[in-house]
Amino acid sequence: MKTLKEISTHKAVKENGVINIYSIGMYFSEDLNWGDELLWTIALEDEDDLFPIFERLEENNRCNVAELNAALF
């Protein structure tokens, strides 16, 4: 298992002959935590697609933060 790309909310891991894209879990306390969730799998030969995939995920994160800030303030 090898992490190929990671941002604060997602990671791409090379394992079992494929690349798995995970949503990174949140850990608030021992009583309340969520583990990483497998979102989708891509073939090893599509590793070059990780850059645009993670660019889109980061843009989605920015939009979500902006929407949350607008709702709060």
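Q: Before we start, what does contact mean here?
A: Contact means heavy atoms within 4.5 Å. The model is a predicted one.

Q: OK, what does I21 touch, leaving out residues up to four places away in sequence?
A: On that basis I21 touches K11, A12, E37, L38, L39, W40, L50 and F54.

Q: And where does I21 sit, buried or exposed?
A: I21 lies in strand β3. I21 counts as buried because its relative accessibility is 0%, and buried means under 20%.

Q: Which residues make up the largest nonpolar core?
A: That core has nine residues: I7, A12, I19, I21, I42, L50, I53, F54 and L57. Two or more residues come from each of β3 (18–23) and α1 (50–72).

Q: Which element gives the most to it?
A: α1, with four residues.

Q: What about I42, what does that touch?
A: Apart from residues up to four places away in sequence, I42 touches V18, I19, L50 and I53.

Q: Changing topic: where is E15 found?
A: E15 is in strand β2, which covers residues 10–15.

Q: Which side chain of opposite charge is nearest to E15?
A: K11, at 8.1 Å. E15 is buried and has no salt bridge.

Q: So what polar contact does the E15 side chain make?
A: The side chain of E15 makes one with the side chain of N20, at 2.8 Å. Beyond neighbours within four places in sequence, E15 is in contact with M1, N20 and Y22.

Definitions and conventions. Residues numbered from 1 in each chain as written. Predicted model: local features only at pLDDT ≥ 70, side-chain atom pairs only at ≥ 80, totals over all residues. Heavy atoms only, no water. Buried < 20%, exposed > 50% of the residue type's maximum accessible area, 1.4 Å probe, protein only. Lys, Arg positive; Asp, Glu negative; His and termini not counted. Salt bridge = Lys/Arg side-chain N within 4 Å of Asp/Glu carboxyl O. Polar contact = N/O pair within 3.5 Å; in protein donor to acceptor, adjacent residues only side chain to side chain. Core = buried A, V, L, I, M, F, W, Y, C linked by side-chain atoms within 4.5 Å.
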